[in-house]
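Hi everyone, thanks for coming. Have a look first, and then we'll talk.

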Amino acid sequence: VRRPLGYNRRAIQTKWRSMLRRIANQSLVYWIAALVILLDQYTKYLVRASLAVGEAWAPFPWLEPYARILHIQNNGAAFGMFRSFGNTFFVSVSIAAIIFMSWIIVKDKEDHRIFALLAGGAIGNLIDRLILGYVVDFIDVFWRDHHFPAFNIADSAICIGVGLYVISQAPWKRREDPPAAS
């Protein structure tokens with residue numbers, strides 16, 4: 001069998017594998033973001049439908065001294081910070097962050113599952129801000145009289161994404177390029 005000039009079967013197979021791997025990684029990014037958004041919105045819906053604002057529920061008696069579900073309307077940023085900035089500010093920042101993360105995901109050829117968590121969380125909270133004018137927070141963790149600010153699934157995804165990003169950028173994780181031969 002005669003092959004065209006410049007035909008290299010191995011090079012073509014390598015390019016196809018690389019392209020398929022990139023498509024699979026990008027598909028996984030969108031699936032992770034979608035899962036975060038759906039889980040976040042569904043849990044917030046359950047809280048809004050089941051509890052009045054300020055009402056609490058402990059699903060397990062053994063967990064009650066440490067955590068509970070508490071319906072909170074958050075007009076601020078993560079964990080209720082910066083409430084005085086207003087909803088328009090937070091909607092604008094969320095949209096800018098989502099556009100930036102989308103640009104990174106599409107532009108780079110790297111695996112961006114971490115950004116899927118960040119984007120999914122940002123979109124989940126943005127949906128609340130656009131529809132309700134506030135974010136529904138409901139996970140209340142505490143020890144005796146010391147309460148951690150209430151949060152939700154989207155906030156958790158953002159925090160996990162930031163943590164994983166920081167770990168991925170740690171100096172001991174970076175691979176050094178081999179020195180160039182002279």
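Let's start with K44 and D128, whose side chains meet in a salt bridge at 3.0 Å, N to O. By salt bridge I mean a side-chain nitrogen of Lys or Arg within 4 Å of a carboxyl oxygen of Asp or Glu. This pair links distant parts of the chain, with K44 in helix α1 and D128 in helix α3, 84 residues apart. When I say helix or strand, these are DSSP runs numbered from the N terminus: helices are H or I with at least four residues, strands are E with at least two.

Quick housekeeping: this is a predicted model, so local features need pLDDT of at least 70 and side-chain atom pairs count only at pLDDT 80 or more, while totals for chains, interfaces and linings use all residues. Residues are numbered from 1 along each chain as its sequence is written, and side-chain values use heavy atoms, with hydrogens and water left out.

Okay, back to our pair. Are K44 and D128 buried or exposed? Both of them are buried. Buried means under 20% relative accessible area, exposed means over 50%, and partly exposed is in between, using a 1.4 Å probe and protein chains only. K44 counts as buried because its relative accessibility is 0%.

D40 and K44 both sit in helix α1, four residues apart, which is about one turn of the helix. D40 is also buried, because its relative accessible area is 0%.

How many salt bridges does a search of the whole structure find? Three. The remaining one to show you is between D140 and R68, where the closest N and O atoms are 2.8 Å apart. Here too the pair links distant parts of the chain: D140 is in strand β3, R68 is in strand β2 (residues 67-74), and they're 72 residues apart. D140 counts as buried because its relative accessibility is 3%, whereas R68 is partly exposed because its value is 28%. As for D40, K44 and D128, salt bridges that share partners join them into one network.

Next, a residue from strand β3 (residues 135-143), namely F138. F138 and Q73 are 65 residues apart in sequence, but 8.7 Å apart in space, C-alpha to C-alpha.

On to the nonpolar cores. A nonpolar core is a set of buried Ala, Val, Leu, Ile, Met, Phe, Trp, Tyr and Cys residues joined through side-chain atoms within 4.5 Å. The largest one has nine residues, among them V91, I98, F115 and L126. The elements giving two or more residues to this core are α2 (87-107) and α3 (113-131), and α3 gives the most, with five. Zoom in on I98, and you'll find that I98 touches A122, I123 and L126, not counting residues up to four places away in sequence. Apart from that core lies another, of eight residues, including L51, Y134, I139 and F151.

Methods:
Contact means heavy atoms within 4.5 Å.
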